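This briefing goes through selected features of the structure shown here, grouped by topic.

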Amino acid sequence: MIIEMTDVNKDYIQGKMTVPALKHVNLQVEEGDYLAIMGPSGSGKTTLMNIIGLLDVQTSGTYLLDGNRVDTLNDSALAVLRNRLIGFVFQQFNLLPKLSAQDNVALPLLYANVPKKERRERAAAALEKVGLADRMNFRPNQLSGGQCQRVAIARAMVGGPKLLLADEPTGALDSKSGEQVMELFSQLNAEGTTIVLITHDQKVSTYARVTRHIFDGELR
Amino acid sequence: MFENIALAFQGIWSHKLRSFLTMLGIIIGIGSIIAIVSTIKGTNEQIKENLIGSGNNTVSISIYRGDSPMSFDYEGVPDGLTQITEETMSKIQALKEVAAATKYVERTYSGNVFRGDTAYNGAVRGIEPDYFSVAGYEVYLGRTLEDSDLAGYTKVAILDATAAATLFPNENPVGKTLEVAGEPFTVAGLVRKSSRFEPVIKTFKDYNTYMSRSAGEIFIPSAVWPVVYMYDEPEKVLLRATDTDSMTDAGKKAADILSGTVTAQDITYRSEDLLEQAKKLQDLSSSTNKQLIWIASISLLVGGIGVMNIMLVSVTERTREIGLKKAIGAKKARILRQFLTEAAVLTSIGGLIGVGAGIIMARVVSGMSGAPMAIDVTASAIAVAFSMVIGIVFGFIPAVKASNLNPIEALRRD
């Protein structure tokens, strides 16, 4: 079991009011699963993704990521877990504009203290896998949106994470690039990577094996 | 670490104008300090050179009653103060700081030297033949003093250029006669300093400081001193130190040996040390300039605040980058280090440019005003190190702010 959430609640405090963002969420994801979480904006799906991705901590309930209880860990232990277990793919790619594609992909390995030569080799291999072997030294502004998202996927996968977390990965792409990205996801899942995808696009969710819906902080 | 530094350089280079403007405060601050330090050092070296160079590492040791130099003309020779024995001289010559030593008697203002109606008011010294080699003089006309002059009580005089010009204007004095206390002395030769050291004179103050020593000198054999001045007059000592830095030690040790031979109350030998004089003059010139350094430091403070300001802007601009880095596994400490490195690299470059600018400034000022300058390597190194510290100190708040950014907020921001 890679994700095991039991009765997870998340409240935000706005002024004097407590606003619940997640209510009694129970979620189990087995290794190798491909899950899509759908919901309209404001439904709490980004909050859920932040908690799954160890960027945020729940107010109550338990969350085990790959068997680790994460609510008691400190900042730097969380950073290590994020680095080792999770690959992030964002709607806006979030590539560093000053770095080449290869250096962008190699970044997580830097934080894992991998030696430089190996970083470059593994980054090159990851880029080859997403079909960008010939764009290694291009900077993000020299690449199309679809190419940028594939660089971001290579960056997410380069450290060999167990879980790939994607937040509206096709949201900023034209439909053809979006399809390419989704096919890449399917391929990665077929090779054993667990994928959790957050989207409000019905078409995108069809690529997943399981789809769950979230409304007003309640996961169904 | 090296990668951090390389990345920091990249970041600085990609914002050339902004980085330069940020560094400007540091450049101006460090530049002014280096310019001031260079001027202080230049002045100090010139003072030392002027005083010591003109003295040729020589130290003169005179007799004092209390704190004033003794004048035997008025006071007579007290009991318990005698002439210097050969034994005492050899003790002084044996000191390791002493290269050579000789004893002599002296009137600083002669008062009784004439040629016809022309009076001479410079110094008269009764010396032994080795005086010239100790003092660093050479004979350039006529002959030097010889042992036979002492043994035969010959009434000969050796003049320096000033004395010669006073008494024998526009003529060759060798072989001519002058009067000391009514006694005729034949001029045997003319001497000058063999090092030909010319002190650098730029102001009247310099002139008064360095040129007052050359009011004219006449040398006669010490053997004939009693004929014109006084019997058994206790001598002074002139010694040459092995090097400039041992001048003070050589003088003090020799004076101690000499004072040990005196049994008279309140009378001591004291060394007149040009190195010490130089230090006093240096302190005087440094203390005024050191206040300027404090003023220049204020611009460093302003520069540091400028760095902090720009770093804070930079943190805000790079919020997404920081958020992304944290999301993919960068720890707080790494983000902190990244920003500290960037600030430190920025101010270190500023410091380096500042040192260069300061040296150029000092050169330009020195070229225009004639004030001397010298590059102080230690001060330059400290200046660069200090600017790095400024970067770390003033980069700290922005770096902490960056490292504490919440990745969710950071990623959400557009």
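What covers the buried residues of helix 2 of chain A includes elements of both chains: strand 4 (60-65), strand 6 (86-89), helix 3 (101-111) and strand 7 (163-167) of chain A, together with helix 12 (319-327) of chain B. The model is predicted.

**Chain A**
- Chain A has seven helices and ten strands.
- Of its 220 residues, 46% are buried.
- Taking the contacts in chain A between residues at least 6 apart in sequence, 71% are between residues at least 24 apart.
- Helix 2 of chain A spans residues 75-85, and its buried residues are A:L78, A:A79, A:R82, A:N83 and A:L85.

**Contact between the chains**
- On the chain A side 18 residues take part, in contact with 16 residues of chain B.
- At least two residues of the side of chain B that touches chain A come from each of helix 1 (2-14), helix 12, helix 13 (332-369) and helix 15 (407-412) of chain B.
- Helix 12 of chain B contributes the most to this side, with five residues.
- Sorted by class, the side of chain B that touches chain A consists of seven nonpolar, three polar and six charged residues.
- Helix 12 of chain B is also among the elements that cover the buried residues of helix 2 of chain A.

**Nonpolar cores**
- The largest nonpolar core comprises 109 residues.
- The residues with the most contacts inside this core are A:V105, A:A152, A:A154, A:L165 and A:V196.
- Neighbours within four places in sequence aside, A:A152 contacts A:V89, A:F90, A:F93, A:N94 and A:L95.

**B:A344**
- B:A344 lies in helix 13 of chain B.
- B:A344 counts as buried because it has 23 C-beta neighbours inside 10 Å, where 20 or more are required.
- Not counting residues up to four places away in sequence, B:A344 touches B:M388, B:G391, B:I392 and B:G395.
- B:I5 is 339 residues from B:A344 along the chain, and the C-alpha atoms of the two are separated by 9.3 Å.

Terms used:
Residues are numbered from 1 along each chain as its sequence is written. Chains are lettered from A and ligands numbered from 1 in the order in which they are written. This is a predicted model: local features need pLDDT of at least 70, side-chain atom pairs count only at pLDDT 80 or more; totals for chains, interfaces and linings use all residues. Helices (H or I, at least four residues) and strands (E, at least two) are DSSP runs, numbered from the N terminus. A residue is buried if 20 or more other C-beta atoms lie within 10 Å of its own, exposed if 12 or fewer, and partly exposed in between; C-beta atoms are placed from the backbone. Two residues are in contact if their C-beta atoms, placed from the backbone, lie within 7 Å. Ala, Val, Leu, Ile, Met, Phe, Trp, Tyr, Cys and Pro count as nonpolar, Asp, Glu, Lys and Arg as charged, and the others, Gly among them, as polar. A nonpolar core is a set of buried Ala, Val, Leu, Ile, Met, Phe, Trp, Tyr and Cys residues joined through C-beta atoms within 7 Å.
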